[in-house]
Amino acid sequence: MNKKVLVTGGTGYIGSHTVVELQNEGFEVFIIDNLVNSDIKVLDGITAITGKKPVFEQLDLCDSERLRGFFSLNPDIESIIHFAAYKAVGESVEKPVLYYYNNIVSLLNLMKCMRDFRIPSMVFSSSCTVYGQPDKLPVSEDSPIQEAVSPYGNTKQIGEEIIRDTLHACKDLKAISLRYFNPIGAHPSSHIGELPIGEPENLVPYITQTGAGIREELRVFGDDYDTPDGSCIRDYLHVVDLAQAHVVALKRLLEGQNKENYEIFNLGTGKGVSVFEVIESFERVTGKKLKYRVVDRRPGDIEKIWADPSLANKEMGWATRYSLDDAMKSAWDWELNYRKLK
Ligand code: WQD
């Protein structure tokens with residue numbers, strides 16, 4: 001009998017890639033998503049890849065009544081992977097109440113359901129934004145948490161604290177928080193990928209839309225940072241590597257391999273890459289020159305961050321396998337396929 005797992009936000013970018021990897025591992029996947037920031041057609045993309053259509057429920061996790069109704073009808077859900085949250089850093093600064101309400105209330109509702117419906121484990125989608133600008137690099141899980149620079153980042157910090165305190169009180173619950181660095185790319189099939197609604201906030205979709213002629217040019221937000229080429233540095237990892245880490249973390253919990261009832265792992269390549277190096281990767285894999293212009297720094301950007309992924313490597317036996325060029329190529333193929341430009 002396949003183990004049943006709930007993926008909240010499963011039609012989103014990282015969620016949909018994780019659903020594919022879960023199905024490949026034989027899990028029966030239930031998706032809850034309110035479709036505010038994703039398209040239901042993603043289900044067709046998942047099914048095209050795995051041949052299995054996930055069970056889907058359009059539901060807002062802030063609607064406690066409906067959420068409890070879902071769990072009453074699906075009593076044998078064994079675990080939860082929780083992605084559903086608003087995640088645009090800039091938007092969170094403009095709409096803090098929306099972000100605190102949505103990201104925190106949805107988590108609280110889920111935690112109450114875990115207790116009441118006796119669901120023992122959760123994998124939580126966290127972020128490297130909890131570190132702010134680290135003083136020391138690479139950043140490890142015991143690096144100091146800095147004051148959040150955005151309400152979005154603060155909701156991730158608060159989320160981790162809610163889970164930590166809940167598990168301290170309820171020893172029969174267990175969870176793993178995964179702190180993502182910068183996920184990029186798309187499934188090699190090009191059936192699913194990053195689907196920003198409107199003008200992309202993130203670097204790579206903006207690059208591929210510029211390459212496809214949808215955007216006039218890329219604005220590089222500053223080249224006067226204290227880095228080798230002056231542009232900001234991040235740790236970019238392939239979304240399929242990231243998705244597979246969720247399956248590893250879920251199995252760690254289900255098989256009781258976790259050493260504490262609350263564990264935290266950084267998910268990154270361990271390598272810092274600058275904006276200009278990402279542009280060079282795009283030009284290398286596509287053979288196209290990218291049109292860009294250097295403009296002022298973007299408020300809220302940190303200068304440089306990359307992960308020390310050794311804890312995840314050692315404890316979970318997980319490490320990234322795809323290169324920056326692999327990820328960029330998959331992002332470009334997805335852009336061409338999605339726009340039917342192939
Ligand atoms: C990367 C670099 C920009 C766009 C993201 C997510 C955040 C979190 C961490 C999950 C920066 C530069 C960007 C552009 C540019 N992920 N840039 N021109 O800011 O690291 O945050 O990863 O929790 O939710 O947003 O990623 O892709 O926006 O920026 O020059 O048009 O690219 O200045 O240095 P960021 P990003």
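How many residues surround the ligand, and which are the closest? In this predicted model, the ligand is surrounded by 18 residues, the closest being Tyr152, Leu203, Arg219, Arg234 and Asp301.

**View 1. The shell around the ligand by residue class and by element.** Sorted by class, the residues of the shell around the ligand comprise nine nonpolar, three polar and six charged ones. Two elements that each supply at least two residues of this shell are the helix α7 (203–211) and the strand β8 (218–221), and β8, with four residues, gives the most.

View 2. Of the 690 Å² of accessible area that the ligand has on its own, the protein covers 93%.

**View 3. Domain 1 and domain 2 with the ligand shell.** The chain is divided into domain 1, which takes in 4–184 + 237–267, and domain 2, which takes in 203–234 + 270–339. Taken over C-alpha atoms, the centres of domain 1 and domain 2 are separated by 24 Å, and the contact between them involves 29 residues of domain 1 and 24 residues of domain 2. Each of the two domains contributes at least three residues to the shell around the ligand.

**View 4. Thr11 in the loop between β1 and α1.** The loop that holds Thr11 runs between the strand β1 (4–8) and the helix α1 (13–24). Is Thr11 buried or exposed? Thr11 counts as buried because its relative accessibility is 2%, which falls under the 20% cut-off. The side chain of Thr11 makes a polar contact of 2.7 Å with the side chain of Ser38. When residues up to four places away in sequence are not counted, Thr11 touches Ser16, Ile31, Asp33, Leu35, Ser38, Asp39, Val42, Leu43 and Phe56, so that Ser38, the partner in the polar contact, is also listed among the residues that Thr11 touches.

Methods. Residues are numbered from 1 along each chain as its sequence is written. This is a predicted model: local features need pLDDT of at least 70, side-chain atom pairs count only at pLDDT 80 or more; totals for chains, interfaces and linings use all residues. Side-chain values use heavy atoms; hydrogens and water are left out. Buried means under 20% relative accessible area, exposed over 50%, partly exposed in between (1.4 Å probe, protein chains only). A polar contact is a pair of N or O atoms within 3.5 Å; within protein, one must be able to donate a hydrogen and the other to accept it, and residues adjacent in sequence count only if both atoms are side-chain atoms. Contact means heavy atoms within 4.5 Å. A residue is near a molecule or strand if one of its heavy atoms lies within 4 Å of it. Accessible areas come from the Shrake-Rupley method with a 1.4 Å probe; for residues, only the protein chains shown count as cover. Ala, Val, Leu, Ile, Met, Phe, Trp, Tyr, Cys and Pro count as nonpolar, Asp, Glu, Lys and Arg as charged, and the others, Gly among them, as polar. Domain bounds come from an automatic or database domain assignment.
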